[in-house]
Amino acid sequence: MSLLLCGVRHFGARGFRLRSGPRCSRIFGSGSLESPPGGSSRWGDGRWQRSAFVWSAGATAVLAGLGLMRRAEMKEQPRRQQQQQHLEPEKPCGKKDEEDLARLCEGFMAPPVSGLRELRDRRGDMRSRMELLIMETQSQVCNALAQVDRGAAFTVDRWERKEGGGGISCVLQDGEIFEKAGVNVSVVFGHLSEEAAQQMRSRGKTLKTKSGKLPFCAMGVSSVIHPKNPYIPTIHFNYRYFEIEDADGTKQWWFGGGTDLTPTYLNEEDAIHFHKTLKDACDQHNPELYPKFKKWCDEYFYIKHRGERRGIGGIFFDDLDSPSKEEVFQFVQSCAKAIVPCYIPIVKKHSQDKFSPKEKLWQQIRRGRYVEFNLVYDRGTKFGLATPGSRIESILMSLPLTARWEYMHLPPENSKEAEILEVLRHPKDWAQ
């Protein structure tokens, strides 16, 4: 799914590019750790260097210290655990908590969309916790990609949406390994358009407007990575959180997301690794989740006019609002942490594979199918385009640099190209 919501008012590159290697350098002006309005940079004191992965080792502990740790159903956790969560009062935010939060944010690709003071003041609120999670996920994935692609350079583009909120787009183009890789974060709020609200109602949502307006808050991290080598698959992931305020003041909330793989050529070992890694993440919470969300993924990424899936699937879920907000957040966190281990080993395995012009041509044809799904069926793309103030560049970040459409192209029987088509038409269970 494309980036959930993207803003307007383009501020341009942030004056730094993340390159591969064990160290990463960013330059910002001196000043406080707040992110002031309008996208200007005040981030630490002058120039600083830090290992691209130093922060990530302790990120989970920091998040935990700050308390950051169809309608789908998740299995209830023991009642005693839920009672303890309700009985434990939120601890006041001390100096160490503030320092931990600032240290965590230093590892991000850019300052959080919300200022640090705002994140600190509402640290127990799900909006703050989810924003920190998606910022962490963006940084982890970008750093992992830069380590693999020695010719990579991420342009980090901070933008603002005049209707409320903004985002951070990290895009790499024409690297040695990746033709195009985008990892976007958006944190937006305001009022839903009637078209966007109608799209939600079509999924069974009951939305009560006040004077024709429906306040909302939405945030997510979204990525599509298109490699150059046809033996390295494309990956897509998206994890998001929504809040809607009805006319009577009550709030509806839900999570959505998923991770899926789109290979040009089938490698069964890669498919098994990818699906088992996602299954392990799901099984930490409930063994019924992976088969349910795997089936949902196969159904969602179906290109109806072609009679085939976009790829070999993964997991997909939406409107996830039970059994509790905390438990769903923990599940989403586990899925986000599985992105790098499910994909990067596959990239490393095939990064030096040789390929022919014929195999590159097949990759371009398959990318044409990718484009067709995203523009015709993808819910996130359609929602973003229907939202006032949407930032088109970020919404269409998911499209590859190159694709191809050939009239009546059919691969030979029993070929490698025909093999992947068979799997796309008849999905398999890879995690048995």
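1. The β4–β5 hairpin. Four residues separate the two strands of this hairpin, and G164 has a positive phi near 140°. The model is a predicted one, and the torsion should be read as belonging to that model. Strand β4 covers residues 153-160 and pairs with β5 in the antiparallel sense, over six bridges.

2. The β5–β6 hairpin. β5 also forms a hairpin with β6, again with four residues between the strands. In this turn the residue with a positive phi is D174, at about 55°. The pairing of β5 with β6 (residues 178-191) is antiparallel and runs over nine bridges. Within it, C170 stands opposite V183 in β6.

3. Cover of β5. Strand β5, residues 165-173, has antiparallel pairings with β4 and with β6. Is the strand mostly covered or mostly open? It is mostly covered, with seven of its nine residues buried.

4. Cysteines. How many disulfides does the model contain? The count is zero, taking a disulfide as a pair of cysteine sulfur atoms within 2.5 Å. For C335, the nearest cysteine sulfur belongs to C282 and lies 4.7 Å away, so C335 is in no disulfide under the 2.5 Å cut-off. C335 has a relative accessible area of 0% and is therefore buried. C105 also counts as buried, because its relative accessibility is 0%.

5. The second largest cavity. This cavity holds about 80 Å³ of space. Its lining consists of H226, I232, T234, T262, P263, T264, Q363, R366, R367 and Y370. Which element gives the largest share of that lining? Helix α11, spanning residues 357-376, does, with four residues. Sorted by class, the lining has five polar, three nonpolar and two charged residues. Rolling a probe the size of a water molecule over the atoms shows where empty space is left.

6. The chain as a whole. The chain has 432 residues, of which 57% are buried. Its secondary structure comprises 14 helices and twelve strands. The accessible surface comes to about 18700 Å², and carbon and sulfur atoms account for 50% of that area.

Terms used
Residues numbered from 1 in each chain as written. Predicted model: local features only at pLDDT ≥ 70, side-chain atom pairs only at ≥ 80, totals over all residues. Heavy atoms only, no water. Buried < 20%, exposed > 50% of the residue type's maximum accessible area, 1.4 Å probe, protein only. Pairing = 2+ DSSP bridges. 1 Å grid on protein atoms, 1.4 Å probe; cavity = no way out; pocket = protein on both sides within 12 Å on 5 of 7 lines; lining within 4 Å. Points joined across faces, edges and corners; volume = space filled by probe spheres on them. Nonpolar A, V, L, I, M, F, W, Y, C, P; charged D, E, K, R; others polar. Areas by Shrake-Rupley, 256 points an atom, 1.4 Å probe, with all protein chains shown as cover.
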